[in-house]
Structure formats: structure tokens, C-alpha cells
Amino acid sequence: MNERVIAVFDLKAFYATCECVDRGLDPYTTPLVVCDKERGVNTIILSVSPYLKANGIPSRLRLKEFPKGYEYIYAIPRMERYIDRSYQVTEILLSFVDSTDIHVYSIDEVFLDLTKYLSYYKCDKYTLVKRIIKKVEKETGLIMAAGIGDSLFLSKVALDVYAKKSKDEIASITKDEIEEKLWPIAPLSKIWGIGTNTEIKLNRLGIYSVGDLAQTDKNMLTKLFGVNGTILWEHAHGIDESDIHDIYIPEETSLTVGQTLFKDYTKEESKLLLREMSEDLCERLHIEKKLTKCVHLYIGYSGGGGAAKQVSLNRAIDDKKELYEALETLLDKIADPNQTIRRISIAYGKLQPLEKNEQLSLFITAEEQDENRALEDCLASIKKKYGRNAVVKASALLEGSTILERHNQIGGHRK
């Protein structure tokens with residue numbers, strides 16, 4: 001059996017590059033910053049242009065922490081535009097591979113399983129990856145780096161550790177190169193799936209590099225870190241059986257929503273966001289007159305890596321309470337208590353049209369269901385006229401909530 005060929009593509013300085021391209025500016029010579037400076041000095045910088053990055057200026061700082069000395073161009077974040085551009089890139093990638101061989105990890109990062117396409121395109125993995133990058137840049141103006149590996153894990157390490165140092169910003173790690181390329185890596189937090197807290201715990205055990213981790217007793221790591229300890233040991237030996245196809249939900253038969261968070265959330269803290277996102281999708285279900293019979297959840301950890309799981313429901317529904325409870329159950333099952341969460345994506349799949357003869361719950365009458373949907377109709381009318389933030393729950397005022405900002409970014413005041 002042939003080894004898998006997995007590539008992960010990263011849209012470099014995505015938000016800032018989008019803004020440069022839309023303005024007809026060269027991202028490599030333009031000091032552009034994506035930030036709404038009218039929100040005050042504590043506003044977080046979302047992205048800086050490749051020019052600023054090359055000069056050692058990071059994103060994710062607060063405006064008050066930004067270095068002086070440049071005539072910055074400030075671009076107000078336009079999340080709806082960035083989502084559209086991300087979809088455009090995905091469409092280009094789908095011109096190379098089938099939809100089942102792609103996993104959109106985030107708005108600016110995508111995994112492709114290229115295993116069966118090298119013979120189809122009659123080229124090696126580097127040539128195909130370069131061809132993909134060139135087409136994306138030609139059609140969108142956006143720039144990409146890529147990592148290639150025998151697995152999702154190795155491709156991500158190739159991207160994060162080596163690609164950005166490579167002249168063409170493409171790097172590869174195979175299982176034959178584990179000792180040469182993987183084991184020397186330190187500090188451990190450079191590795192996908194190892195956050196700062198885990199790194200500190202490993203350092204206390206005298207484990208400072210991936211090579212040290214590989215030489216550590218597997219049973220001891222499992223005892224100390226649970227299932228995550230087993231994964232750490234396996235990754236250090238280049239073992240990763242995760243499969244793109246196991247986390248795939250066809251977009252044409254599902255509704256999805258995702259967000260990358262600006263701070264770390266614990267599992268319990270993330271339940272508020274999960275509820276908000278679930279209710280947003282329920283609103284879309286209602287507007288499109290659809291029911292769902294499949295709930296999917298993906299969480300990405302602060303140190304990289306993540307977990308995904310889905311469940312089929314015993315009947316097609318659109319009830320907010322039941323759908324959130326299904327998501328909460330999934331979160332409790334898959335979330336690693338030793339990791340903090342930085343990315344959440346949910347999907348409602350196996351969509352079906354709403355029909356009068358739908359199967360009712362044992363716990364709600366037809367009259368109650370009609371009343372609930374009438375209320376949703378009323379709320380939808382108000383939001384359509386006055387914006388999505390016209391009616392929100394009081395929980396939107398809690399410190400951990402992101403719903404008001406998220407609605408603003410994707411058109412919360414649009415009429």
C-alpha cells in the first residue's frame with residue numbers, strides 16, 4: 001500500500017493580504033494592519049501584512065503595544081469578505097481534488113489528501129503543491145505556504161517548523177526523516193498539539209525536545225496525561241492514524257459555523273460559545289425551512305491539534321434545546337481536560353426539508369412546536385429589519401461571549 005501524501009496549505013497573513021489585494025497594494029511592501037482603531041487602544045490587531053512580519057512585527061498585539069516608526073494603513077476587519085475569499089480558495093482547491101479529500105481546518109488553513117492524485121496528474125508531490133499554490137496566487141492574489149507529510153501531524157509540523165524557513169515556503173517530512181527532522185525540534189510548544197501547560201509539565205520530567213519525548217516510556221506518559229500521553233508518544237514516533245475522511249461533512253448537505261478565538265477557553269467556558277453558535281445555526285435552519293439529523297463538532301486546541309466527533313439523531317429536528325444538548329454531550333466526550341480551546345466549528349448535517357408530517361418529540365406537542373416556530377418567525381423579522389444584534393440573550397453581556405462581535409464582523413447590522 002502506498003504511503004499517504006497529506007499537504008496542509010496556509011494563507012499567509014490572510015486578513016492583511018486580502019486588504020492589500022483589494023486595495024491594489026503589494027503586501028510585501030505595504031505596512032498594513034487589520035484593526036479597528038476606533039475601538040480604543042486595547043483593540044487586538046488581527047493581522048499584519050507580510051512586510052511588517054518580515055520586519056519582526058507580530059499580529060495579535062493590542063493597539064497600544066504596537067511599535068512606532070511606520071506610517072500604518074489601518075483596515076477595519078471585514079469578516080464577511082474574508083469568508084468569501086476563503087470560499088474562493090476552497091473552490092480552487094476543489095478543482096484539483098475531490099470534496100472528500102479536503103478538510104478546512106480554519107478560515108486560512110486547509111488539509112488535502114493528495115495520495116491518489118500524483119499518478120492522476122503524473123507528477124511528484126512538490127510539483128503538485130507548487131501548481132496549487134501558483135493557481136491560488138494567480139486567481140486571487142493571495143499567497144500560501146505548505147507542509148507535506150505522510151500524515152496530518154507530519155504535514156502540520158512541516159508547515160509550522162520548516163516551511164516558513166524554506167525559500168519557496170514548502171517543506172516536507174516523511175516517516176524516514178523522523179530522527180533527522182522531528183526529534184531535534186525544541187521547545188516542544190513548536191509542535192502541533194503541545195500547548196504551554198503541557199510543555200511545562202514535560203519539562204519538569206526532563207523532556208525538552210521531541211527526541212526526549214520519543215525516548216520516554218509510553219506507559220508513563222499515558223499514566224500522567226491519559227489518552228493525550230499516548231498521542232504525544234505516537235506523534236514523537238511519527239505515528240498518526242487520523243484521517244481527513246473521518247472529519248468530512250459534505251457542505252452541500254450541511255450548515256456550518258466556526259470561529260477562531262482570541263483567547264484560550266476551558267471546556268466549561270467554551271459551552272457558552274457552543275450554545276451561541278448552535279442557536280445561530282438553528283436560526284439558519286429555521287430560515288431555510290430545514291431539519292437536521294446529524295450533529296458534528298470540531299474543537300482545536302491552543303497548542304495545535306484537536307478532536308472531532310459527530311452523532312446521528314434518531315429523528316430530524318430543529319429544536320434549539322435538543323441540538324445544543326447533543327453538542328454539549330459531544331464536547332464532554334472529546335475535550336481533553338489538559339488542553340485549552342482556541343477553535344470551535346459545528347455543523348448540522350443530513351438536512352431534510354421541513355414537512356408537516358415530521359416525527360414529533362414525545363416531550364413537545366404539535367401546538368407547542370407551532371408556537372415556538374411562530375416566535376422564531378417574529379425574531380427573524382426583527383433581526384432582518386434591525387440587524388442580528390437587535391435581539392440577543394442576556395448571556396451576550398457575559399465576559400466570555402463572542403456573539404455581539406461575531407455578528408458585527410459578519411454583518412450584524414446589515415438590513
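In the predicted model, Glu19, Asp22, Arg23, Arg78 and Arg81 are joined to one another in a network of salt bridges. Side chains of opposite charge can pair when their charged atoms come close. Across the whole structure, a search returns 21 salt bridges.

Three further pairs were examined one by one. Glu3 forms a salt bridge with Lys175, with 3.8 Å between the closest N and O atoms. Glu3 belongs to the segment before strand 1 (6-11) and Lys175 to the loop between strand 8 (170-173) and helix 7 (178-182), so this pair ties together parts that are 172 residues apart in sequence. Glu3 counts as partly exposed because its relative accessibility is 48%. Lys175 is also assigned to the partly exposed class, at a relative accessible area of 41%.

A salt bridge is also formed by Asp264 and Arg342, whose closest N and O atoms are 2.8 Å apart. This pair links distant parts of the chain, with Asp264 in strand 9 (residues 254-265) and Arg342 in strand 12 (residues 341-349), 78 residues apart. The relative accessible area of Asp264 is 38%, so the residue is partly exposed. Arg342, at 28% relative accessibility, counts as partly exposed.

Glu322 is partly exposed, with a relative accessible area of 26%.

The chain as a whole was then described. The protein chain contains 15 helices and 13 strands. It has 415 residues, of which 51% count as buried. The accessible surface of the protein chain amounts to about 20900 Å², and 52% of this surface belongs to carbon and sulfur atoms. When contacts between residues at least 6 apart in sequence are considered, 66% of them join residues at least 24 apart.

Two residues illustrate such surroundings. Asp10 is located in strand 1. With a relative accessible area of 9%, Asp10 is buried. Leaving aside residues up to four places away in sequence, Asp10 touches Asp108, Glu109, Ile143, Met144, Ala145, Leu159 and Lys164. Tyr126 is located in helix 5 (residues 125-140). The relative accessibility of Tyr126 is 32%, so this residue counts as partly exposed. Residues up to four places away in sequence again being left out, Tyr126 touches Ile148, Ile170, Ala171 and Ser172. Tyr126 and Ala146 are 20 residues apart in sequence, and their C-alpha atoms are 9.8 Å apart in space.

Helix packing was considered next. Two packed helices are described by the angle between their axes and the distance between the axes. For helix 10 (residues 218-225) and helix 11 (residues 227-236), the angle is about 145 degrees and the axes are 6 Å apart.

Leu205 lies in the loop between helix 8 (196-204) and helix 9 (210-214). Leu205 counts as partly exposed because its relative accessibility is 41%.

The backbone was examined last. Most residues other than glycine have a negative phi, and most peptide bonds are trans. The peptide bond from Ala186 to Pro187 is cis, with omega near -5 degrees. Pro187 is placed in the loop between helix 7 and helix 8. Glu169, although not a glycine, has a positive phi of about 60 degrees. Glu169 is part of the loop between helix 6 (152-162) and strand 8. Its relative accessible area of 16% means that Glu169 is buried. Lys350, likewise a residue other than glycine, has a positive phi near 50 degrees. Lys350 lies in the loop between strand 12 and strand 13 (352-353). At 46% relative accessibility, Lys350 counts as partly exposed.

Notes:
Residues numbered from 1 in each chain as written. Predicted model: local features only at pLDDT ≥ 70, side-chain atom pairs only at ≥ 80, totals over all residues. Heavy atoms only, no water. Helix = DSSP H or I, 4+ residues; strand = E, 2+ residues; numbered from the N terminus. Buried < 20%, exposed > 50% of the residue type's maximum accessible area, 1.4 Å probe, protein only. Axes fitted to C-alpha atoms, helices over the stretch in contact; angles between N-to-C directions. Salt bridge = Lys/Arg side-chain N within 4 Å of Asp/Glu carboxyl O. Contact = heavy atoms within 4.5 Å. Areas by Shrake-Rupley, 256 points an atom, 1.4 Å probe, with all protein chains shown as cover.
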